[in-house]
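Work through the exercises below with the model open beside you. Try each task before reading its solution.

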Amino acid sequence: MAMSFKGYALIGLTGAIGLAASASVPTYAQEKGAIKIGLMLPYKGVYAVPAESIDRGFQIALEEFGNKSNGRPIEIIRADDELTPSVGVQRFNKFVQSDKVALVAGVVGSNVGIALSELADKNKMPMVFVNAFADEITGKFCSPYIARTSFSANGFEYASGKYWASKGVKTAVTMGPDYSAGRAFIGGFKRGFEDNGGKVIEEIWTPFQKTKDYSAALTQAANSGAQIIYAFYAGAEAIQVVKQHADFGLRTKIPFIGDHWVYDEALWPALGDLALNAQHVATHYPSIETEVNQKFVKAYNAKYKQDPDVSAALGYDNGKAIMLTLEKLGGEMPQDRAKFISTMRDLTFDSPRGKIKFNAQNSALLEKVYVVEIVKGPDGKMQRKPLDQFPGAGDLPGCTKSF
Amino acid sequence: MSADVMLTSERRAGAMKPLPLPASRRAYAALLVTIGFGLCALPSFVSGYVMTLAVEVMIAGIFASGINLLTGYTGLVSLGQAMFLGFGGYGIAIGTALLGWPLWISAPVTLVVVAAIAAPIGAICTRTRGVEFLLITLAFSQMFYGAAIKLRWTNGSDGMTGIPRPDLSLLGMSADNPTVFYYYVLVVAVLSLLMLWRIVTSPFGSVLVGIRENERRMMSMGYAVANYKVGSFALAAVICAVAGILQSQYTYFVNPDAMSWQMSGEGVLMVIIGGANVILGPFVGAAVFVVVKQALSMITEEYNLFFGIFFMLVVAFFRGGVLGSISALIGKRQ
Amino acid sequence: MQPFLIQLLNGVQLSMLVFLLAVGLTLIFGLMNILNLAHGAFFTMGAYFGLVVANNTGSFWLALLVGPLLPFAAGFILQFFVLQPLAQRGRSTHLDLALLTFGLLFATAGAVEYIFGSAFHSIVTPDVLMGRVALLGIEYPIYRLFIIAIGIAIAVGLILVIDRTLVGATLRAGVDNREMVTALGINITFLFALVFGFGSALAGFAGVVSAPVMSIYSSMGIGIVVTTFVVVVVGGLGNLKGSFYASLIVGMTDTFAQAYLPEAELFAIYILLIAVMIFRPQGLFGAVGRVA
């Protein structure tokens, strides 16, 4: 074990030379090259499917602008946050310090979103969320460096709760993954439902990314005596829970109602007939008959040979909002980066889902909520049939800063 | 390559301090000063990202040092030390955000509370040894991990944000600045090391090593072995909690993932890489681990694959650790 | 009463799944004194190999039969060519071997993700086991009853083999006194590797069995292996029958916590484990021959 002093000195010397060598490497000044956008999405794990769609939608938006802003090329640098806040924080630091991005886009999980909001604020790094629907992201954690191009959980689900209450549903049991977005979505539904005469009998929370067997939770839900199960699940978790609901023969006993994440078209191959005849609320579906949407669906189909799902539409909006803002700023990230976000806030544009406007906390407002039913089309393929539409609800208060 | 620089500079630092040879004390001190100077000067000639890595290495090194006290010096291999990493982060998060205490109260209170919680846990765990110790520490950390996910007032799996860094406005500095934060972590790392060094060179430390080598003999010599083991467990916990506090300040954030068993495993791996029972070994291990992980993440996203293979190779063929191998090499040459 | 009955069945079903893993783990520990943290890796291997077979042949039954072969081979190789030589070389302690298998657990998850991607997969329930049966006023999915039946059948089969056959006698003797068995001229190295492979195969079998109700994904083995440890410790390390009862206790605790005390669902079984280790460190059912 004994090691001589000379030995240690030798190692020390090696280290010193290494240090000196690094010091002599000149650091090049950042030339006016591409605008780097860090795109952070959970490419692996339970939300891998929506992440892929968002990435594709984002690319369609950039291609609309020729992948350039005022002549400067756009470079996307991707990172996988693994839907884990601590990993997201590491990747974010890498974006800021190593990749030197101009802004960060993406982020699906609200858990990651909450962790990053503090970092974005402290680093004065514009963070343009694509999903991260939890109300507090543009509420309690609001910042002049944070914007969200989709909508808040309350904006969507309050409207949904109101709708189901108006359809004569009196009692519901809720099910959702126990994390910020699950809480926010189910909370929004509950407020909308109960403000309009409904009653949530029981709330069941399943551990996020941990539960693979929902039998115990579903058994409790079925036994609650409520008329419906209202649930928020997405990706792989949605497939599991819908399948097991059917396995236990609950389809005839207590309907499993959710939104366009539970019955996402990306999940239709896995769900098969289980998705058929499901009625749900949606913020986007491919057959919306607006010019903007049809153009988007066509471009998406041309590139990816399939219809875009809601995540693709949200990814598209995210990319488009960024490109429109850059265009307004002449393809430059201003010295004061908060100005990027405040410029975005003043935008109004038509998206495949409807008109997009931002509120004072930089959160996009939801213009329309659609109610649809999944049916078999004349070609035998599943498609959505519009039943109803109504305006989205507002955001919850909670932002104490002013900017 | 800046990454290599980190590695070698840490290795240099790592190679220095475990040298208690009286003959070369003066030269030793001189070199120590040089290293200190090198680490202090680091921010002036490397990029911000290398400094970030240096911060990660130091934090991981403190965490691994806590494990080393238990594993390397006392001979108890735990797969649950990450729970104390989490306790540190949650401690100051609860103190500052929920109770409204300033950081300078929250941090010491956290460490005291961690010691107070760790002592009874240690009393239970250290009744076992070997694989059973490994399992029961794993069980405890899984229990707290599960509880943290379910606990509403700490935001469940979302964790807590807004963890403050120290207020250095009196010195005219902001710890939000990466360079300032680097120095802050450096100071804490040096202090932790000094404390550890005091511990392992004290009679208490010799008893711990004695326990590792031959528990029965220590017992028959009249030492209250059980108390020493609990003491070692609690001290290790406090050191891990220090790392947890720094980690949460570094990311302004703490969530239950800090307590996952993979995190505990990573700590054990760093100790093995660096060479157990060498005081600077964990820092060398942390440097190797962080740099290799960083290099790998540029090549592939299959982190688990390489973490696992790396782990197996190190356990099977590299038990002396980096320092052990280097000293063996030099020993041969001479 | 009816929902309670359903939860009870849910609990038994989970218990039997965990038992398939625990029995192999405890057997390996009892015989070889190796804490195989990689046991979850064999669960994953079995599930994915079964998935490949099912996708190519469309047969669940073939998947169930062939799926465990890969983990069997992997387990055999691991013990015969890696763990045994390392242990014999004398440089590695049992603790080292446990850490080695910890690495293997994560390496396998990573390798599976590299090959199959991060998507979640499922094997389709065979037609015969589709649907539900009515019993005692409730309806319960047939497939989940099938899992319960398989668990009980394997438990009974194993107990018969171990109590009544020569192989069983050798194994029992091996747990009690390894030197004696070696002295009898039995190639213990080979036998150990076979048992290791068999335990791994059972874990892989559990992987295929669970596939129609749970998802197949790369890190599926990492979560379940911790639950398995709880069972093995509660049942007494190395105790076969104990692991059966402990499976029931742990499976029930987990399911009933999920149903009736969701605040504690993620840590109820660890409290159980810690309590057992405090009050009965040898496990609730005592250890056969060995208290490690």
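**Exercise 1. Find what share of the contacts in chain A with a separation of 6 or more comes from residues 24 or more positions apart.**

Solution. Residues 24 or more positions apart account for 72% of these contacts in chain A. Two residues are in contact if their C-beta atoms, placed from the backbone, lie within 7 Å.

Some conventions come next. This is a predicted model, in which local features need pLDDT of at least 70 and side-chain atom pairs count only at pLDDT 80 or more, while totals for chains, interfaces and linings use all residues. Residues are numbered from 1 along each chain as its sequence is written, and chains are lettered from A and ligands numbered from 1 in the order in which they are written.

**Exercise 2. Describe the make-up and overall dimensions of chain A.**

Solution. Step one: count the elements. Chain A has twelve helices and 15 strands; helices (H or I, at least four residues) and strands (E, at least two) are DSSP runs, numbered from the N terminus.

Step three: box the chain. Along the principal axes, the C-alpha atoms of chain A fill roughly 80 × 60 × 45 Å.

Step four: check burial. Of the 403 residues in chain A, 61% are buried (20 or more other C-beta atoms within 10 Å of the residue's own, all placed from the backbone; exposed means 12 or fewer, partly exposed in between).

**Exercise 3. Work out which part of chain B gives the largest share of the side that touches chain C.**

Solution. Start with the totals: 31 residues from chain B and 33 residues from chain C take part. On the chain B side, α6 (130–150), α11 and α13 (303–317) each give two or more residues. The largest share, 14 residues, comes from α6(B). By class, this side of chain B has 21 nonpolar, seven polar and three charged residues (Ala, Val, Leu, Ile, Met, Phe, Trp, Tyr, Cys and Pro count as nonpolar, Asp, Glu, Lys and Arg as charged, and the others, Gly among them, as polar).
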